[in-house]
Amino acid sequence: VAPRLYFCRSGACRRLPRKADREEGQRSSFDSSPEWVKSVVSGLTFIVNSLVGDGQVIEVQRQRHFETISPDTLLEGIRADFEERQYLWTGDIDVELYDEACIFTDPTLSFQGLSTFESNIRNLRPILDNVVPAGKRKCLLHNLSRDEGTGKVYAEWTMIGDLVLPWSPRIQLRGRTAYSPGPDGRIVSYDENWDISAGEALLQILTLRFPPDPHAAEHWPERFDGAPPPTPRITLDDAPVFVVLPGFGNDAIDYSRPLGQDEVVGLLACMQRRGCRAVTVPVQRLDWLQVFTRGLADEDFRAGNGTASVAFGWYLDATQVLVEETVSHSSGPVVLVGHSAGGWLARALMQREGKDWVSEHVRGLVTLGSPHFPPPPDVSDMTMGCLRNLHEQQPGAFYSDLIFYVTVAGDAVRGEQVVGNLPILELIQSPSQESTAFNSYRVVCGIGNTTGDGVVPLMSAHLEGARQVTIKDCLHSINKAGTTQPTDKAYMCEGRVDDWLGVVVEELSSRPLLNTGD
């Protein structure tokens, strides 16, 4: 949450034993935080340092201006850190106040070294300034006191920040920090506690918050004036159930109430208007952290030779349960609709369960803006080998003798490089959708100046052996890439659904069920 949540560097941080102050009461502390939270923080730290940093802690040869720090100077310096430098958000501390071997502790991690602190904030600061811009954050100091007996300084504070993410989360955290001075008056121990658990604090980042004045998309003419949805071009009779597989980082609610908009504009409502019952795999945004906690515990995943059944096994399990329950209560196999990563994860599920399971449970697979191919060897594979192994073992429309495949891609944005942008920030905040597209395409396929849906390039979204549908001016997700603004031009929107559903209807008509049951 605060910068210290990510200060620990891979290979430069160790957890240090400590005793909790009796004055902490029921506040959350490092000792009270569950291991899964600490693992998530370590995983996020690993990613930030890998993508932004060089993995090295720069040891600073510091020239001290004062031999000792007086109690009054310490108190005034800490006040300025809060009120003038807003350090809870910026990490900008007065280093003169801190001992080189200071131990920094919050409820998620504990590490030693002022140089480690400085090295890590250099990596995190560019990301933090973009995700929580200065105008959307503040740090409030409620009380600052000194224990005359021990010399400890106690600060009570609140940090508030609105994150520039598609689901508009807010961080609001109240805490208390104890600063312990050493013989020369410099801080040797920084011990931070929060009024909520570390898990609750982490969950704030993933919690959907409806902004007060959302820039809603119209979706169809005069919707804001009360006009009903237009009559669909495509309708189905006796349609199979469609099971929607969310994309990476998406929540099931994104397919029913995208970005807090009315349910009438969601994919499930769009499908219902066309005579289709659709259900979504019950994934929550917080669940995606399991990719890191499970993946980083797997040697093959860390080595870049992962398989979806490990890091994404939780997702495959949830999808399998929903598919089997749906089939048991319906008249036949379902149609899988995988959005973004949900498309290749649907393939991974079929690979894991095998031919007989596919024949019994799946009628067809539709993928919407899914990256089906691994990047070239000279580009980091964000799936850590999972997609490459799937592609090598079951390429293309592997089960096309049993089910139909429809791959849908958008041709809306040609990537254009903007020199100086950090690629990790592009999906959060960008000067242009072309810049976002360039960096995203380059991660997916190694080429930035190509065309696609703004996130996934056209060349990566179609499988050999599948019915291939390319939709002009179709964007990837519920928000315009690089912004928090909703869009009405995505695969899941009213104006785009008929463009791919019509091909699905043709496939359903031309490929009757192989097994109709007894």
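Reader: What is the strand order in the open sheet with parallel pairing?

Author: In this predicted model, that open sheet has six strands in the order β8-β7-β9-β10-β11-β14.

Reader: How many bridges join β7 to β9?

Author: Four bridges join β7 (residues 242-245) to β9 (residues 334-339), and the two strands run parallel. Within this pair, Val-244 has Val-337 of β9 as its bridge partner.

Reader: Which strands does helix α15 touch?

Author: Helix α15 (residues 494-510) packs on the sheet and touches β7, β9, β10 (362-368), β11 (404-411) and β14. The direction of α15 makes about 165° with that of β14.

Reader: Turning to the open sheet with mixed pairing, what is its strand order?

Author: The order is β2-β1-β6-β5-β4-β3, again an open sheet of six strands. Here β2 (109-112) and β3 (137-146) stand at the edges.

Reader: In that sheet, what is the bridge partner of Thr-105 in β6?

Author: The partner is Asp-191. Strands β1 (residues 98-106) and β6 (residues 187-194) run parallel and are joined by four bridges.

Reader: And where do helices α4 and α5 lie?

Author: Helix α4 (residues 114-131) lies across β1, β2, β3 and β4 (153-162), at about 55° to β1. Helix α5 (residues 198-206) touches β5 (170-181) and β6, and its direction makes about 135° with that of β5.

Note on methods. Residues are numbered from 1 along each chain as its sequence is written. This is a predicted model: local features need pLDDT of at least 70, side-chain atom pairs count only at pLDDT 80 or more; totals for chains, interfaces and linings use all residues. Side-chain values use heavy atoms; hydrogens and water are left out. Two strands pair if DSSP finds at least two bridges between them. Contact means heavy atoms within 4.5 Å. Axes are lines fitted to C-alpha atoms, for helices over the stretch in contact, and angles run from 0 to 180 degrees between N-to-C directions.
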